[in-house]
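Hi everyone, thanks for coming. I'd like to walk you through a structure today, so let's get it up on the screen.

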Amino acid sequence: MQNLFNDKDPDEIFDVLVIGGGITGCGIALDAQSRGMKTILVEMQDFASGTSSRSTKLIHGGLRYLKQLEFKIVAETGSERAIVYQNGLHVTSAQPMLLPIIQGGSLSKFSTNLALWVYDFLAGVKPAERRKMLSVSKTLEKEPLLRKDNLLGGAFYYEYRTDDARLTIEILKKAIELGAVAKNYTKVTSLIWKDRKVKRVAGVNVTHVLTGETSRIIAKYIVNAAGPWVDTIDTLNDAAHPAKIITTKGVHLVVDFKKLPLQQSVYFDVNDGRMMFAIPREGKTYIGTTDTFYEGDILHPAITEEDITYLLNAVNQVFPESQLQRHDIESGWAGVRPLIQQAGKKGASEISRKDEIFQYDTGLITIAGGKLTGYRKMAERVVNLIAKRFKDTEKKTFEPCKTAHLPVSGAVTGGLPAFEKFVQTETAKMVKNGWQENDAVLLLRKYGSNATTIFELAKTWKPETNMPQWLFGELVYALQFELVKKPGDFFTRRTGDTYFHIDKVKQYKNAVIDYMAEHFGWNEGLKNQYKTEFEEELNSILP
Ligand code: FAD
């Protein structure tokens, strides 16, 4: 067997092995490593390329859960959003949200006010961000594009917006900074058993998807955090296990901001009793989501014409002046929600978003369900369990969970004033060095304190790279510090440009692929293969 890990001893024994590099797995890796457990994480695709780059990109308390009387989820995710925000101001920002109240809508003025009051209370919302109930005219002042004939008023409150894939990678980078090992494109193919008689899991066999090399990893505790694939991993553990997961698909579409120039984010009623978001971002507006049962290909969930019709109809009813057309859609994404099976729930949107830990006699620990927002608490629960097992079996103790006060990679600590000051000071420095103010600000807001490394790396830029200096800096940084292996890793998950700046991707993809080919030493055949693969990826975004 070849040693896939040139940088590690093949017989090294890890304390914790995490399967899955979405937000759940990366959160667990950070929690375990920060408590002093020797941790490794393996991901079969790129980090965050499962559900964790395909969400609505909100860190939120989940107002909708109040409708389902899920008070515990609201309280936990509500208080968690403040922690996620504090630990990474460059990846999470406060997002004013308007909820129009309409005739025949799912929420009346009274129930919205009550729900938001409970939300403020359960989520411990800070005074400046608590709900405000609005008259019709005040609602229209906030968002003039709203349909007027059925409007009864509105509610104004705060959610938090993030970039899900960047949040995931910043969490993972922090774990790596603390000593964790993380490998993308490394697929778990089978489990290794300690003892043939007593079935105890001792490690995993992995295949490096890009090279075909195989290796094994030995660890004391193994966590299955494979999101929509948790049942596949559990089948390796116990072929007869009952399925835990049910999957639903959610689609988002992106249009140019000029086509739907919202003054702010809106959370609105759809005819079928569901609710949907329209969120302005980076010169675009994105809308979503759908929620339909899904049994198709989990690796490549696709947007269908039916999804598009549903979303456009919903938006055009609420913002009638915009009349979005099919050809206005620039990009979008489809994601698969890994939800815990619940007997008796008929509609996709009725199924709880709660998380659950499953423990097997073999020692395997599986975590399923949950939300982006609750990733830290989910990780804490899993690692508490591992810490207890260490204590019970080896009398070994680890430090308690410290992630509530552990900034992610790139975080500027000291709250919003410190972050704003940092952006100002560093921008001024870069402008003196000849940078455009806009370019510097964008990088500083996106990468936080790591932007200074990007500025340093960008010094080696030459016009012959056929890309602007800021993009070159981002690329070199992504290759050196963010484990990028393929063009899509960079454009879709590290920069988010495939979703929000598709024109830029089309303009610079060849230059970026040329640079990557040189960096990795790809031969012409391999370069063309990755180029074709990425072009197919772009072509398959819309049906
Ligand atoms: P994933 O991100 O899917 O990660 C699992 C990983 O395991 C995958 O990357 C996969 O490749 C890997 N894997 C699988 N098998 C193997 C193997 N054999 N070997 C190695 N690796 C393997 N939550 C919020 O808080 N806010 C929102 O606004 C929000 N909106 C959402 C909107 C939609 C449409 C959807 C679908 C979800 C939304 N969520 C939201 C929920 C949130 O996105 C998910 O709960 C979260 O991303 C799940 O992360 P995960 O790590 O569990 O799964």
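Let's start at the ligand, with T373: a polar atom of the T373 side chain sits 2.6 Å from an oxygen atom of the ligand. Please keep in mind that this is a predicted model.

How much of the ligand does the protein bury? Taken alone, the ligand exposes 1000 Å², and the protein buries 97% of that. As for who contributes, the elements that each give two or more residues to the shell are α1 (23-34), β8 (186-193), β11 (245-256) and β16 (329-340).

The backbone takes part as well. At T51, a backbone N or O atom lies 2.9 Å from an oxygen atom of the ligand. At M44, a backbone N or O atom is 3.0 Å from a ligand nitrogen atom.

Now let's step back to the whole shell. There are 38 residues surrounding the ligand, and the closest are T24, E43, S52, L58 and T373, the residue we began with. What kinds of residues make up that shell? By type, we have 19 polar, 13 nonpolar and six charged residues around the ligand.

Methods: Residues numbered from 1 in each chain as written. Predicted model: local features only at pLDDT ≥ 70, side-chain atom pairs only at ≥ 80, totals over all residues. Heavy atoms only, no water. Near = heavy atom within 4 Å. Polar contact = N/O pair within 3.5 Å; in protein donor to acceptor, adjacent residues only side chain to side chain. Areas by Shrake-Rupley, 256 points an atom, 1.4 Å probe, with all protein chains shown as cover. Helix = DSSP H or I, 4+ residues; strand = E, 2+ residues; numbered from the N terminus. Nonpolar A, V, L, I, M, F, W, Y, C, P; charged D, E, K, R; others polar.
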